[in-house]
Amino acid sequence: MNTHQARQGGGAVDVVEVVARLRGAGCVFAEDEARLLLGQPGDLAGMVERRVAGEPLEYILGWAEFAGRRFVVAPGVFVPRHRTELLVRLAVGFAHARSVVLDLCCGSGALGATVAAEVPGIELHAADVEPAAVDCARQNVPGEVYQGDLYVPLPQRLRGRVDVLIANVPYVPTDDVALMPPEARDHEPRVALDGGADGLDVLRRVAAEAPAWLAPGGHVLFEASERQAAAATAELRRAGLVVSVEEDDELGATVVAGRREH
C-alpha cells in the first residue's frame, strides 16, 4: 500500500481521490475533511457522496467540534459556529460555582455544556423549540433540557434566579437566508437561522422577558452581526438592562450583553 492509500473497511482507499472529490465539490478544507471521514467506521463511499452532495460534515461525522470539545449533532440540528466561542468565553467570565445558567435556543447544547465544563458546579438548564435539537442537547448537556418556545417550557422556579442567560438566537434577516452557504440553508432548520425582517425578532422577544428571569446582577448574552449591534443595544436598553458590546475581530464575532441591575 503506498502513501496515497489507507485502509478502510478491509480494503485500500485512495486518499488522493477522496481529497480530489471533496475539493471538486468546493470543500475548502478537503484534506482535513478526508482525514476525518477516513477515520470514521462505516461506508466511506457513502459518506463522501453525502459530503459531495452538500450535507454538513458534522452531520456525517455525528459530532461537531466547539471550543476544543466534541458534541453530538444530528441532521436537522444547528451546527455550532466557532465565532460563538466569544459568547461562551464571556458567559464563562460571568459564571461561578453555583451560578444558574440558562441556554436558550440551545441547539445541540454545546454552548451551555462548554460553560459547565469550564465552570464546575453551575446549575445548567437548556431549552429549544426543535425536537431534534432537544434530543441532541440531552446527550450533551449536564443538566435539564426542555422543549418549547423560548421561556414557555421553563419551570417557574427559575424566574429571578438566572445568573447567566445564553441566548444564541437566530439573527439572519429573512431575505439573507437565501445567501447563506447551501449546507446551512438547505440542511439546518430554518427556525435556527431566520431572525425575521431585520434579524432581531427573536432577540426582541428574549430581551423583553429577560429581566423577569435574571437574578439581580445577572447577564443575558446575544450574538449578532456588527451592523445589528446598535439596534440590538437599543432593544436591551428598552428592556431596562445595562448594555455592553464585545467584539473579536479574529473570530468575526459580535456579542451584545445586558445586565439586570436590581
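Which residues in α1 meet which residues in α2? V15, V18, V19, L22 and R23 of α1 meet A30, E31, E33, A34, L37 and L38 of α2, where contact means heavy atoms within 4.5 Å. This is a predicted model, in which local features need pLDDT of at least 70 and side-chain atom pairs count only at pLDDT 80 or more, while totals for chains, interfaces and linings use all residues. Residues are numbered from 1 along each chain as its sequence is written, and side-chain values use heavy atoms, with hydrogens and water left out. Helices (H or I, at least four residues) and strands (E, at least two) are DSSP runs, numbered from the N terminus.

**α1 and α2**

- Helix α1 (residues 15–24) packs with α2 at an angle of about 125°, and their axes are 9 Å apart; axes are lines fitted to C-alpha atoms, for helices over the stretch in contact, and angles run from 0 to 180 degrees between N-to-C directions.
- That angle makes α1 oblique to α2 (under 35 degrees counts as roughly parallel, over 145 as roughly antiparallel, 65 to 115 as roughly perpendicular and the rest as oblique).
- The contact of α1 with α2 divides into 8 nonpolar, no polar and 3 charged residues; Ala, Val, Leu, Ile, Met, Phe, Trp, Tyr, Cys and Pro count as nonpolar, Asp, Glu, Lys and Arg as charged, and the others, Gly among them, as polar.
- In helix α2 (residues 30–38), the buried residues are A30, E33, A34, L37 and L38 (buried means under 20% relative accessible area, with a 1.4 Å probe and protein chains only).
- Seen down the axis of α2, these buried residues fall within an arc of 130°, so they line one face of the helix; the arc is that of the directions from the helix axis to the C-beta atoms.

**α5 and its surroundings**

- The axes of helix α5 (residues 85–94) and helix α6 (residues 110–118) come within 10 Å and cross at roughly 40°.
- This makes α5 oblique to α6.
- On the α5 side, L87, V88, A91 and V92 make the contact, and on the α6 side L111, T114, V115 and E118 do.
- Buried in α5 are L86, L87, V88, L90 and A91.
- Those buried α5 residues pack against α6 and also against strands, including β3 (63–66) and β8 (162–167).

**α9 and α10**

- Helix α9 (residues 201–213) and helix α10 (residues 229–238) pack at about 25°, with axes 8 Å apart.
- The two helices, α9 and α10, are therefore roughly parallel to each other.

Notes
Buried < 20%, exposed > 50% of the residue type's maximum accessible area, 1.4 Å probe, protein only.
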